[in-house]
Amino acid sequence: WNEMVVIAEGKTFVHLVNGHVLAIGIDEHEAKRRDSGLIGYQLHRGPPMKIRLKDIQVRKMPSQ
């Protein structure tokens with residue numbers, strides 16, 4: 001299993017895979033930015049595949 005962590009705070013998000021930073025993003029499009037929404041998992045078209053998920057947790061970070 002791989003461990004994936006997404007940290008989103010304000011307009012910045014960080015994606016970690018197995019403890020390593022994979023991506024850091026900054027959403028600078030204030031007019032289209034959202035403070036809430038859905039979480040989805042995306043698979044790309046190609047040969048048949050499976051995705052397995054376990055131990056999914058969503059936590060709100062404490063306010064600073």
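This is a predicted model: local features need pLDDT of at least 70, side-chain atom pairs count only at pLDDT 80 or more; totals for chains, interfaces and linings use all residues.
The protein chain contains 3 strands and 0 helices. Read along the sequence, its elements follow the pattern β-β-β. The radius of gyration is 14 Å, well over the 11 Å that the globule rule gives for 64 residues, so the protein chain is more spread out than a compact globule. The C-alpha trace spans about 40 × 25 × 20 Å along its principal axes. Of the 64 residues in the protein chain, 5% are buried; a residue is counted as buried when its relative accessible area is under 20%.

The strands are arranged in an open sheet with the order S1-S2-S3 and antiparallel pairing. S1 and S3 stand at the edges of this sheet, and each has a single partner strand, so one side of each is left without a neighbour in the sheet. From one strand to the next, the twist averages 15°. In a regular strand, side chains alternate between the two faces of the sheet.

The pairing can be followed strand by strand. S1 covers residues 4-9 and S2 covers residues 12-17, and these antiparallel strands are joined by 6 bridges. Within this pair, Val-5 stands opposite Leu-16 of S2, while Glu-9 has Thr-12 of S2 as its bridge partner. S2 is also paired with S3, again in the antiparallel sense and over 6 bridges.

Gly-10 lies in the loop between S1 and S2 and counts as exposed because its relative accessibility is 77%, where the cut-off for exposed is over 50%. The C-alpha atoms of Gly-10 and Arg-59 are 15 Å apart in space, although the two residues are separated by 49 residues in sequence.

The hairpin of S2 and S3 likewise has 2 residues between its strands. Asn-18, located in the loop between S2 and S3, has a positive phi of about 50° although it is not a glycine. With a relative accessibility of 39%, Asn-18 counts as partly exposed, because this value falls between the limits of 20% and 50%.

Further features were found in the segment after S3. Asp-55 is placed in this segment and has a positive phi of about 55°, although it is not a glycine. Asp-55 is exposed, because its relative accessible area is 65%. Ile-39 is also found in the segment after S3, a strand that covers residues 20-26. The relative accessible area of Ile-39 is 62%, and this residue is therefore exposed.

Ile-39 belongs to a nonpolar patch on the surface, together with Tyr-41, Leu-43, Met-49, Ile-51, Leu-53, Ile-56 and Val-58. The accessible area of these residues together is about 830 Å².

Key
Residues are numbered from 1 along each chain as its sequence is written. Side-chain values use heavy atoms; hydrogens and water are left out. Helices (H or I, at least four residues) and strands (E, at least two) are DSSP runs, numbered from the N terminus. Buried means under 20% relative accessible area, exposed over 50%, partly exposed in between (1.4 Å probe, protein chains only). Patches are made of residues with over 30% relative accessible area and no salt bridge: like charges are joined within 9 Å, nonpolar side chains (Val, Leu, Ile, Met, Phe, Trp, Tyr) within 5 Å. Accessible areas come from the Shrake-Rupley method with a 1.4 Å probe; for residues, only the protein chains shown count as cover. A salt bridge is a side-chain nitrogen of Lys or Arg within 4 Å of a carboxyl oxygen of Asp or Glu. Two strands pair if DSSP finds at least two bridges between them. Axes are lines fitted to C-alpha atoms, for helices over the stretch in contact, and angles run from 0 to 180 degrees between N-to-C directions. The radius of gyration is taken over C-alpha atoms; the globule rule is 2.2 Å times the number of residues to the power 0.38.
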